[in-house]
Amino acid sequence: RFLDFNDSRARNAEICVNGEKINPWDPFVVGVSEIAANQTMEVEVADGGSAEFTVTAYILPRKEEFPSQEQFKEADISVRRQGIYIYREQRLIVDADWLGIYSKEPHSNLLRVEFSFDHKLDEAFHLDIMKSQIILNDELWKWLAEEFLPAPRREANNRYRKGVQKNISEQSKGAHGN
């Protein structure tokens, strides 16, 4: 978000390594992916005030649905990239993890979830001093697992399988022709 000058959610920065500019990477492929679910939740914090967090589930297109082969490669659709991406104050703190809700498996490759919150929820999410891990309370974990994620996960699974079935049927055309 900080490297993407088209993203207004965070201040921009340019980073170079050995004279080469580092390009931003959008795990959700916004503009090409579909938003399967989006919810902003308001919660009460310890001091009696309130804070919000937002969860958005994106379903990425199958390989043949991408506008270009280059965009498909850049999306990096793989088991290691599926999961929940957690952002605190626009900074990525957890990268592509199901937080124990699901196991990573190929049928979920098209599902990526954005979870964003601000500093007011640090204590509620048991954020460590390095801001590098998060522990969801039981109520939030259960909400994600039982209410928010099942429908987007099912849709991503169906879309993935539809692509695999199409590939199998195309490969088997004429197999018994002789």
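Local features were taken only where pLDDT is at least 70 and side-chain atom pairs only at pLDDT 80 or more, whereas totals for chains, interfaces and linings use all residues of the predicted model. Residues are numbered from 1 along each chain as its sequence is written, and side-chain values use heavy atoms, with hydrogens and water left out.

The protein contains 3 helices and 7 strands, these being DSSP runs numbered from the N terminus (helices, H or I, at least four residues; strands, E, at least two). From the N terminus on, the elements follow the order β-β-β-β-α-β-β-β-α-α. Of the 178 residues, 37% count as buried, that is, under 20% relative accessible area with a 1.4 Å probe and protein chains only. Among the contacts (heavy atoms within 4.5 Å) with a separation of 6 or more, 64% are accounted for by residues 24 or more positions apart.

An open sheet of mixed pairing is formed by 5 strands in the order 3-4-7-5-6, where two strands pair if DSSP finds at least two bridges between them. Strand 3 (34–44) and strand 6 (91–97) stand at the edges with a single partner strand each, so one side of each is left without a neighbour in the sheet. Neighbouring strands of this sheet are turned by 15 degrees against each other on average, direction ignored; the axes are lines fitted to C-alpha atoms, for helices over the stretch in contact, and angles run from 0 to 180 degrees between N-to-C directions.

Strand 3 and strand 4 run antiparallel and are joined by 10 bridges, with N38 opposite T56 in strand 4. The hairpin of these two strands has 5 residues between them, and G48 takes a positive phi near 95 degrees there. Strand 5 (residues 83–88) pairs with strand 6 in the antiparallel sense over 4 bridges, and I86 stands opposite V94 in strand 6. Helix 2 (residues 138–148) lies across strand 3, strand 4 (50–59) and strand 7 (111–117), and runs at about 35 degrees to strand 4.

Strand 3 and helix 2 each also supply at least two residues of the lining of the second largest pocket, and the largest share, 3 residues, comes from helix 2. A pocket is here an open set of points on a 1 Å grid over the protein atoms alone, with protein on both sides within 12 Å along at least five of seven lines, and lining residues have an atom within 4 Å of a point. The lining comprises M41, V43, F53, L121, A124, F125, N137, E139, L140 and W143.

Notes:
1 Å grid on protein atoms, 1.4 Å probe; cavity = no way out; pocket = protein on both sides within 12 Å on 5 of 7 lines; lining within 4 Å. Buried < 20%, exposed > 50% of the residue type's maximum accessible area, 1.4 Å probe, protein only.
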